[in-house]
Amino acid sequence: MRIKAFPFNKTVEDFIASHDKVFVVEQNRDAQLRSLFLVELGASSKKLIPVLNYDGLPITADFIMQIIEKKLIKTHKVNRV
């Protein structure tokens with residue numbers, strides 16, 4: 001889902017509620033969008049997985065996929081223990 005505006009509408013809340021994990025892709029160090037989801041929607045911090053890029057360069061699809069893959073592997077290993 002691509003978020004284009006704040007405040008969030010019901011569609012955003014429903015999307016987050018309907019998924020076990022939501023990767024929040026952001027191009028800033030402070031993870032402001034994820035923070036807004038937590039505060040405004042009361043979303044679970046465990047459900048919202050940050051994918052952050054703040055090196056000053058445009059974010060790439062390869063970067064996003066690498067981070068998501070690493071976080072899925074890490075989550076899978078934790079759940080298997």
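Helices, taken as H or I runs of at least four residues, and strands, taken as E runs of at least two, are DSSP runs numbered from the N terminus. On that basis the protein chain of this predicted model has 3 helices and 2 strands, and from the N terminus on its elements follow the order α-β-α-β-α.

**The chain as a whole**

- The C-alpha trace of the protein chain spans about 35 × 35 × 20 Å along its principal axes, and of the 81 residues in the chain, 22% are buried.
- The accessible surface of the protein chain amounts to about 6200 Å², and carbon and sulfur atoms account for 54% of that area.
- When contacts between residues at least 6 apart in sequence are considered, 60% of them join residues that are at least 24 apart.
- The side chains of the protein chain include 13 positive and 9 negative ones, and the centres of these two sets lie 6 Å apart.

**The nonpolar core**

- The largest nonpolar core consists of 8 residues, namely F8, V12, I16, V22, V24, F37, A43 and L48, and the elements that supply two or more residues to this core are helix 1 and strand 1 (22-26).
- I16, one of the core residues, is in contact with V22, F37, L41, A43, K47 and L48 when its neighbours within four places in sequence are left aside.

**The aromatic rings**

- The structure holds 2 aromatic pairs, and one of them joins F6 and F8 in an edge-to-face arrangement, with 5.1 Å from centre to centre and 80 degrees between the planes.
- Taken together, the ring pairs link F6, F8 and F37 into a cluster.

**A residue of strand 2**

- I49 is located in strand 2 (residues 48-52), and its relative accessibility of 11% means that I49 counts as buried.
- Not counting residues up to four places away in sequence, I49 touches K21, V22, F23, V24, R34 and K71.
- I49 and S18 are 31 residues apart along the chain, and their C-alpha atoms are separated by 15 Å.

**Details of the backbone**

- Most residues other than glycine have a negative phi, and most peptide bonds are trans.
- A cis peptide bond, with omega of about 10 degrees, joins F6 and P7, and P7 lies in the segment before helix 1.
- A31, although it is not a glycine, has a positive phi of about 55 degrees, and A31 is found in the loop between strand 1 and helix 2.
- With a relative accessibility of 12%, A31 counts as buried.

Terms used:
Residues are numbered from 1 along each chain as its sequence is written. This is a predicted model: local features need pLDDT of at least 70, side-chain atom pairs count only at pLDDT 80 or more; totals for chains, interfaces and linings use all residues. Side-chain values use heavy atoms; hydrogens and water are left out. Rings of Phe, Tyr and Trp (its six-membered ring) pair if their centres lie within 6.5 Å; planes under 30 degrees apart count as stacked, over 60 as edge-to-face and the rest as tilted. Buried means under 20% relative accessible area, exposed over 50%, partly exposed in between (1.4 Å probe, protein chains only). Contact means heavy atoms within 4.5 Å. Accessible areas come from the Shrake-Rupley method with a 1.4 Å probe; for residues, only the protein chains shown count as cover. Lys and Arg count as positive and Asp and Glu as negative; His and the chain ends are not counted. The place of a charge is taken as NZ of Lys, CZ of Arg, CG of Asp or CD of Glu. A nonpolar core is a set of buried Ala, Val, Leu, Ile, Met, Phe, Trp, Tyr and Cys residues joined through side-chain atoms within 4.5 Å.
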